[in-house]
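Here is a briefing on one protein chain. Look over the fold first, then read the notes by topic.

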Amino acid sequence: MSFKIVRNDITKMNTQAIVNTASARPAVGAGCDHAVYMAAGYEELLDYRKKKIGFVREGDAFITQGFHLQAQYIIHAVSPLYRDGRQGEEEMLRSCYRKSLAIAAENGIKSIAFPLISTGSFGYPREEGMRIAVDEIKASLSTHEMQVYLVVFDSGATRLGERIY
């Protein structure tokens with residue numbers, strides 16, 4: 001299938017699944033995480049996370065239903081906090097993309113939308129985060145049939161994505 005970089009609100013994407021940038025603990029973070037919870041149904045999603053999922057390590061991912069979103073599923077990637085680039089952040093970020101795409105494939109998901117994981121309030125440098133996203137998505141598409149969108153929020157990220165991709 002294909003890969004596209006689009007400028008949009010991830011909660012409005014008409015895909016079978018969206019990816020959320022989740023916190024390790026069952027709590028709502030800032031940015032994308034907050035937007036997804038608000039659109040999906042804050043209390044329902046948070047209660048589900050607390051009762052059924054619990055703590056999840058950085059770099060891991062899990063799936064929930066989409067609740068009130070257009071998307072049928074939410075794949076929550078536990079985003080690494082960028083410290084100094086020498087604490088395994090790159091491998092954890094790569095793992096977020098790999099595990100999210102693997103969960104999508106395991107669940108027969110044919111269309112998925114990703115945010116630019118960890119590049120907001122988690123502090124990952126945007127250009128490096130974009131390069132990792134593009135690398136991991138392209139690698140996955142060589143073995144899985146899926147429509148993948150990388151959803152960015154501003155024109156600067158759109159231009160960066162066009163240059164890298």
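Serine 118 is buried, with a relative accessible area of 2%; buried means under 20% relative accessible area, exposed over 50%, and partly exposed in between (1.4 Å probe, protein chains only). This is a predicted model, in which local features need pLDDT of at least 70, side-chain atom pairs count only at pLDDT 80 or more, and totals for chains, interfaces and linings use all residues. Residues are numbered from 1 along each chain as its sequence is written, and side-chain values use heavy atoms, with hydrogens and water left out.

**Loops with positive phi**
- Serine 118 sits in the loop between β5 and α4. Helices (H or I, at least four residues) and strands (E, at least two) are DSSP runs, numbered from the N terminus.
- The phi of serine 118 is near 75 degrees, a positive value in a residue other than glycine.
- Phenylalanine 67 also has a positive phi, near 55 degrees. Its place is the loop between β3 (61–65) and β4 (73–78).
- Most residues other than glycine have a negative phi.

**The sheet**
- Six strands form an open sheet with mixed pairing, in the order β1-β6-β5-β2-β4-β3. Two strands pair if DSSP finds at least two bridges between them.
- β1 and β3 are the edge strands, each pairing on one side only.
- Neighbouring strands are turned by 25 degrees against each other on average, direction ignored. Axes are lines fitted to C-alpha atoms, for helices over the stretch in contact, and angles run from 0 to 180 degrees between N-to-C directions.
- Helix α3 (residues 89–106) packs on the sheet and touches β2, β3, β4, β5 and β6. The direction of α3 makes about 160 degrees with that of β5. Contact means heavy atoms within 4.5 Å.
- β2 and β5 pair in the parallel sense over 2 bridges. Isoleucine 18 has alanine 113 in β5 as its bridge partner.

**Strand β6 and its neighbours**
- β6 (residues 147–152) is mostly covered, with 6 of its 6 residues buried.
- Gln147, Tyr149 and Val151 point one way from β6, while Val148, Leu150 and Val152 point the other way.
- β1 (residues 3–7) pairs with β6 in the parallel sense over 5 bridges. Isoleucine 5 stands opposite leucine 150.
- β5 (residues 111–115) runs parallel to β6, joined by 5 bridges. Proline 115 stands opposite valine 151.
- β5, helix α4 (residues 126–141) and β6 make a right-handed β-α-β unit. Right-handed means that, with the strands pointing away from the viewer, the path from the first strand over the helix to the second runs clockwise.

**Lysine 4**
- Lysine 4 belongs to β1 and is partly exposed, with a relative accessible area of 44%.
- Lysine 4 touches Gln147, Val148, Tyr149 and Leu150, not counting residues up to four places away in sequence.
- The C-alpha atoms of lysine 4 and glutamine 147 are separated by 8.2 Å, though 143 residues apart along the chain.

**Asparagine 20**
- Asparagine 20 lies in β2 (residues 17–22) and is buried, with a relative accessible area of 0%.
- Residues that asparagine 20 touches include Cys32, Val36, Tyr37 and His76, not counting residues up to four places away in sequence.

**Helices α1 and α2**
- The axes of α1 (residues 32–40) and α2 (residues 42–53) come within 6 Å and cross at roughly 110 degrees.
- That makes α1 roughly perpendicular to α2; angles of 65 to 115 degrees count as roughly perpendicular, under 35 as roughly parallel, over 145 as roughly antiparallel and the rest as oblique.
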